[in-house]
Amino acid sequence: QSGAKESDPGVSRLRTEIFQLTDEYSRLTRRLEHEHPKYFDLKYSTRVSTPAELRSTFLRENPHAALVEYSLVDSSLNILLLTARDIAVYDTFLTEDIGRSVRGLRNAITGKVDDQFVSISESLYDALWKPVDRMLGDQAAIDQVVIIPDGILSYLPFETLIRREAGRGRSGFGRRAFLGKKYTISYAISATQVLNTYTAPHRYGDRDFIAFAPVFSEGSQTNFLVNTTTRSMAASDTTMRDFAPGGKIPPIPGSEDEVITIKRLFDRKNLFARYFIFRDAREMALKDPQLGGFKYIHLATHGIVNDRYPELSALLMSQDSAGGNDGILYAGEIYGLEWNAELVTLSACETGLGKIAEGEGILGLTRAFMYAGARNLLVSLWKVSDASTSQLMISFYNGLLSGKGKARSLQEAKIKLISSKKFNDPYYWAPFVLLGY
């Protein structure tokens, strides 16, 4: 209160309350550190990895890789580049609203406004990547990049950035100089997360692949919201209502072929694989403790994002009232899972979105699955096409089983779509990004 004196009873009372609350907060964080260390590391840990640690581990064993970390503060842009042989920093004041440009690019992609997309993409390339090109200099051997975005940049698929080319008109997408063609790109929440994940021991069991696909097709009796699901969605928040209560759930027939074909790829390698489709793809099946023994977990379904209440972001599972579940796997429930997967693939709409929290990245499904035990995640940044997603996922796993690695397999799967006639638009190939490497 203006004019209040230190000796006033109200000031003294507020100081006492602040002291008590601060003490309670400190005791709570200490308790979380000891009783829930994974959650503490995600939200409260202040440990920051050093460039020396990253160069002696991740970059020493991946000499053709680079870490590129972005920081946005008001109109200032900071870029940190770290390679096995160099450290470089770039600072500048931005003359354009990066947030507005990122949103414009996403709108142009999802709206398929090609001329607008190319213009904004080239502009963002100049602002965000041209400085990295200069810092890399003669390090032509660098072909893998782990990008650590900040704020709104977490919603940007850097693969779609286009290098301006003198003397060339607005050619078709298949001939454009996309950044994703030159570099194998993946993403991370922080450099510390890269270090922790890379140095952590592999804990998955001897089972290789498991997939879930409710499909929601006509005649399957799983494409209607059951009463328990409708009540749950209505009680949580109106932003959850992607589907009308009591109405049909949009079918995703490509997901059936997707999981069956991927399983066959594993079968050919004599690897353990199974899937649950239609009514069998229940929420309760995802909570089975046996999933902790699988290396790859694949979920092909509808995703629901709630950027106001991240814990209510969810995946829609088979609509079967049996088993005591509501058919929705919420982010808040995912925190209770105990998985040890090398990769969790969320083959659904907008699974990489959520609430952007300063200093914490995106809160939503990605953070929940990381806490649950996913070392790496494959997620989407907008509503995806059923047919193109199915093709991309099959190509991705085909590359993965050929020993090409996750990031390289995703890059090649995207390039395959870029080279196609039907799915060369960024809307089809660009939504999925890899969190990890």
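# Close-up views of a predicted model

**View 1. Helices α10 and α14 run side by side in contact.** The axes of α10 and α14 come within 9 Å and cross at roughly 10°. The two helices are therefore roughly parallel to each other; angles under 35 degrees count as roughly parallel, over 145 as roughly antiparallel, 65 to 115 as roughly perpendicular and the rest as oblique. Axes are lines fitted to C-alpha atoms, for helices over the stretch in contact, and angles run from 0 to 180 degrees between N-to-C directions. Helices (H or I, at least four residues) and strands (E, at least two) are DSSP runs, numbered from the N terminus. Contact means heavy atoms within 4.5 Å. On the α10 side, the contact includes Gly254, Ser255, Thr261, Ile262, Leu265 and Phe266. On the α14 side, the partners include Asp386, Met393, Ile394 and Tyr397. By class, this contact has six nonpolar, six polar and three charged residues. Here Ala, Val, Leu, Ile, Met, Phe, Trp, Tyr, Cys and Pro count as nonpolar, Asp, Glu, Lys and Arg as charged, and the others, Gly among them, as polar.

**Basis of the views.** This is a predicted model: local features need pLDDT of at least 70, side-chain atom pairs count only at pLDDT 80 or more, and totals for chains, interfaces and linings use all residues. Residues are numbered from 1 along each chain as its sequence is written, and side-chain values use heavy atoms, with hydrogens and water left out.

View 2. A salt bridge is a side-chain nitrogen of Lys or Arg within 4 Å of a carboxyl oxygen of Asp or Glu. Asp267 and Lys263 are four residues apart in helix α10 (residues 254-268), so about one helical turn separates them. Asp267 is partly exposed, at 34% relative accessible area. Lys263 is buried, at 19%. Buried means under 20% relative accessible area, exposed over 50%, and partly exposed in between (1.4 Å probe, protein chains only).

**View 3. Glu122 and Arg164 form a salt bridge.** Their N to O distance is 3.3 Å. Glu122 lies in helix α6 (residues 114-136) and Arg164 in the loop between β4 (144-148) and α7 (179-182), so the pair ties together parts that are 42 residues apart in sequence. Glu122 is buried, at 7% relative accessibility. Arg164 is partly exposed, at 44%.

**View 4. Glu350 and Lys383 meet in a salt bridge between two loops.** The N to O distance is 3.7 Å. Glu350 sits in the loop between β12 (343-347) and β13 (354-357). Lys383 sits in the loop between β15 (377-380) and α14 (386-400). The two residues are 33 residues apart. Glu350 is buried, with 16% relative accessibility. Lys383 is partly exposed, with 42%. Elsewhere, salt bridges that share partners join Glu122, Asp126, Lys130, Arg164 and Arg176 into one network. The model's count comes to 15 salt bridges.

**View 5. Strands β9, β10 and β11 form an open antiparallel sheet.** The order is β9-β10-β11. β9 and β11 (328-330) stand at the edges, each with a single partner strand, so one side of each is left without a neighbour in the sheet. From one strand to the next, the twist averages 20°. Two strands pair if DSSP finds at least two bridges between them. β9 and β10 pair over three bridges. His302 stands opposite Leu316 in β10.

**View 6. Glu311 occupies the loop between β9 (302-304) and β10 (314-316).** Glu311 is partly exposed, at 42% relative accessibility. Leaving aside neighbours within four places in sequence, Glu311 is in contact with Tyr330, Ala331 and Gly332. The C-alpha atoms of Glu311 and Gly354 are separated by 9.3 Å, and the two residues are 43 residues apart along the chain.

**View 7. Helix α13 (residues 365-372) is largely enclosed by the rest of the structure.** Eight of its eight residues are buried. Among them are Leu365, Arg367, Phe369 and Tyr371. Gly373 follows α13 and has a positive phi, near 125°.

**View 8. Asp74 has a positive phi, although it is not a glycine.** Its phi is about 55°. Asp74 is in the loop between β1 (65-73) and β2 (76-83). Asp74 is exposed, at 78% relative accessible area.
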